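Please consult the sequence and the structure while reading.

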Amino acid sequence: MIIVITGPTALGKSKTAIEVAKTFDAEIINGDAFQIYQELDIGVAKPSKDELSQVTHHLYSLIPVTDSFSIFTYQKLLREKIEEILSRKKDVVIVGGSGLYIRSALYDYEFKESENNLDLSKYDNLSNIELHDLLKKIDIDEANKIHVNNRKRIIRALTIYEENKINKTTLLSEQKHELIYKDTFFFVRDLDREKLYKRINDRVDEMFAHGLLDEVKHLYNKYDHNLNCFKAIGYKELFSYLNNEISLEDAIELIKKNSRNYAKRQMTFIRHQFPTIFYKNDEELISFIKEHKGE
């Protein structure tokens with residue numbers, strides 16, 4: 001069985017995944033695009049060393065921050081790890097909120113590997129409008145789906161074109177959009193928006209209490225500020241603070257706001273892209289899995 005525990009940020013997915021993995025002697029695979037990086041810990045809510053030691057975890061802290069990491073690479077790594085775990089007659093628990101990455105590996109998305117690592121720095125000096133216009137020339141249908149200010153999604157669509165030599169619209173039209181693994185279930189904790197937003201705000205405060213600013217200062221002083229992984233929420237805002245562009249108070253509020261907006265986008269994607277099963281608490285989730293397994 002493949003158990004996907006997904007949903008917006010701050011739902012407590014990692015703790016739930018550990019409880020599920022303990023109950024069913026399963027192994028956990030990371031489903032978050034930024035938790036795969038080394039040295040990004042507090043800001044991406046990576047499980048603690050104690051949590052990581054409780055059950056077997058895979059694809060955490062795997063990639064140096066200086067390396068590029070694409071959806072194709074994630075798809076390849078996740079599929080390989082799923083096959084390895086299933087071959088040992090164990091269940092798989094995938095946990096994380098990077099919906100497109102998870103979908104790319106569990107559904108029949110097929111990407112061709114590019115011969116060279118793509119240099120995304122060529123997009124750095126282009127405005128959002130210029131990037132959107134570039135995408136229109138390549139894939140007008142996809143461009144019409146993406147707001148001109150959603151820079152990340154525009155670059156992702158451009159990257160798919162470069163890696164596959166065909167645009168995203170054509171690529172998706174050639175696929176059946178079917179799950180490639182049997183017994184795959186998608187679970188999301190059912191939490192109303194007001195409670196979720198409070199959890200997000202509280203978690204940002206906790207991150208600062210646990211040393212987020214020191215973590216970001218260390219990275220700021222050590223690496224090129226334009227690395228792709230530093231576009232993660234929590235890092236990009238504090239880089240602006242360290243660049244004297246905004247105050248610390250404004251950076252904190254911006255992290256909370258951006259996290260809430262990200263949570264909205266996560267839920268929109270999940271509701272439309274996965275056959276989601278909502279659960280109230282860990283006990284209800286574990287009971288559902290036991291019932292399906294006939295235990």
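Q: In which helix is aspartate 250 found?
A: The model is predicted, so local features need pLDDT of at least 70 and side-chain atom pairs count only at pLDDT 80 or more, while totals for chains, interfaces and linings use all residues. Residues are numbered from 1 along each chain as its sequence is written, and side-chain values use heavy atoms, with hydrogens and water left out. Helices (H or I, at least four residues) and strands (E, at least two) are DSSP runs numbered from the N terminus. On that basis, aspartate 250 belongs to helix α12.

Q: Is aspartate 250 buried, partly exposed or exposed?
A: Buried means under 20% relative accessible area, exposed over 50%, and partly exposed in between (1.4 Å probe, protein chains only). The relative accessible area of aspartate 250 is 45%, so this residue is partly exposed.

Q: How far apart in space are aspartate 250 and serine 240?
A: Along the sequence, aspartate 250 and serine 240 are ten residues apart. From C-alpha to C-alpha, their separation is 10.0 Å.

Q: What is the distance between the C-alpha atoms of lysine 198 and arginine 260?
A: Lysine 198 is part of helix α9 and, at 51% relative accessibility, counts as exposed. Arginine 260 is 62 residues away from lysine 198 along the chain. The distance between their C-alpha atoms is 9.5 Å.

Q: Which side chain of opposite charge is nearest to lysine 13?
A: Lysine 13 lies in helix α1, which spans residues 13-24. Lys and Arg count as positive and Asp and Glu as negative, whereas His and the chain ends are not counted. A salt bridge requires a side-chain nitrogen of Lys or Arg within 4 Å of a carboxyl oxygen of Asp or Glu. Lysine 13 is buried and has no salt bridge; at 6.7 Å, the nearest side chain of opposite charge is that of aspartate 32.

Q: Which residue has its backbone oxygen 3.4 Å from a polar atom of the side chain of lysine 13?
A: Contact means heavy atoms within 4.5 Å. With residues up to four places away in sequence left out, lysine 13 touches Ile5, Thr6, Gly7, Pro8, Val95, Gly96 and Gly97. The backbone oxygen that lies 3.4 Å from a polar atom of the lysine 13 side chain belongs to glycine 7.

Q: How many residues apart in sequence are the parts tied together by glutamate 142 and lysine 168?
A: Side chains of opposite charge can pair when their charged atoms come close. The side chains of glutamate 142 and lysine 168 form a salt bridge with an N to O distance of 3.3 Å. Because glutamate 142 lies in helix α6 (residues 140-145) and lysine 168 in helix α8 (residues 168-173), the pair ties together parts whose separation in sequence is 26 residues.

Q: Which strand is tied to helix α13 by the pair of aspartate 282 and arginine 189?
A: The closest N and O atoms in the salt bridge of aspartate 282 and arginine 189 are 2.8 Å apart. Aspartate 282 lies in helix α13 (residues 282-293) and arginine 189 in a strand of residues 184-189, so the pair ties together parts 93 residues apart in sequence. Aspartate 282 is buried at 19% relative accessibility, and arginine 189 is buried at 16%. The strand is β5.

Q: Is lysine 81 buried or exposed?
A: Lysine 81 is located in helix α3 (residues 71-87). Leaving aside neighbours within four places in sequence, lysine 81 is in contact with Ile29 and His58. Lysine 81 also belongs to a network of salt bridges that links Asp25, Glu27, Lys81, Glu84, Arg88 and Lys90. Its relative accessibility is 18%, so lysine 81 counts as buried.

Q: What is the phi of aspartate 25?
A: Aspartate 25 is in the loop between α1 and β2 (27-30). At 49% relative accessibility, this residue counts as partly exposed. Although aspartate 25 is not a glycine, its phi is positive, at about 50°.

Note on methods:
Polar contact = N/O pair within 3.5 Å; in protein donor to acceptor, adjacent residues only side chain to side chain.
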